[in-house]
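User: Please take a close look at the aromatic residues. I want one connected account.

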Amino acid sequence: MAHLKVTALAWAPNNSKLAVCTVDRIVLLFDGHGEKRDKVSTKPANPDLGKKCYQVTGLVFSPDSTKIVVGQSDNIIFVYKIGEQWGNKKVICNKIILQSAVTTLIWPVQQPTFIFGLADGKVKLGNVKGSKSQTIYSSESYVVSLTSSPSGQGILCDHADGTIVRYTFDNDSELSKGPVCKHSCSPYALSWSLTSIVAAGCDRRIMVYNHSGKPIQQFDYSKEEDEKEFMCSATSPSGQTVVLGSFNRLSCYRKLMVW
């Protein structure tokens, strides 16, 4: 595999495939042993603009692991049917045309739809079978990232202005919908654990909030010259551990406090 910048990646829910897309806009499919087994060549929304007019900004598998949703910077989402077996024919089975670039894409567990954020500040629901999308809410600020709760019953969305917003699918949830808190910078690394919300970004400070948005803990790396900005994070399936990624290292935090 060439040494190219990775723009998006996703694990299949059945653990059989890892999808990785680089700046060459080709989705590479690896097996559980890290061996490249297949690929999906993506396409622009408008072929007349050339094959290099866009980047892939998000990937996510369907719950049955037979489809992959591809979000792109040229205002479109394609859904590819890749099948269950290696070598199955790859076909586009759906597309959603948008008014703004896709910036982030997730599919919470136990939910029938995927969720994506746009550069114009909107967060939307999408379906692999329909060409329509439904707006969850609108903001004036670029959507930086999305993350879901360990149960899949809620999501957090953060924006370029630092605002972190919560949306819940369960109307009986004790957690309120709407703005939760405002982080000190754009929190590209955002995770929702069992006990807390973890956010970090370019100021090299990891902030831990309780589920009401109150700051409860901070890890400050701003004075460490060898630490760079935090760009991504992930929560373990158990919801007990959060991993944050920076330029050349991973930071792992387990059972963060809750007040």
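Analyst: Here is a look at the aromatic rings, their pairs and their surroundings. This is a predicted model, where local features need pLDDT of at least 70, side-chain atom pairs count only at pLDDT 80 or more, and totals for chains, interfaces and linings use all residues. Residues are numbered from 1 along each chain as its sequence is written, and side-chain values use heavy atoms, with hydrogens and water left out.

Start with the ring pairs. The structure holds six aromatic pairs. Rings of Phe, Tyr and Trp (its six-membered ring) pair if their centres lie within 6.5 Å; planes under 30 degrees apart count as stacked, over 60 as edge-to-face and the rest as tilted. Phe78 and Tyr80 form a tilted pair, because their planes stand at 55° with the ring centres 6.2 Å apart. Phe114 and Phe116 are also tilted, with planes at 40° and centres 6.0 Å apart. Ring pairs join these two Phe residues and Trp107 into a cluster.

Now burial. Buried means under 20% relative accessible area, exposed over 50%, partly exposed in between (1.4 Å probe, protein chains only). Phe78 is buried at 4%. Tyr80 is buried at 3%. Phe114 and Phe116 are both buried. Tyr142 is partly exposed, at 38% relative accessibility.

Two rings carry a charge over the face. The criterion is NZ of Lys or CZ of Arg within 6 Å of the ring centre and within 35 degrees of the ring normal. Arg25 lies over Tyr54, 5.8 Å from the ring centre. The charged end of Lys177 sits over the Tyr167 ring, 4.8 Å from its centre.
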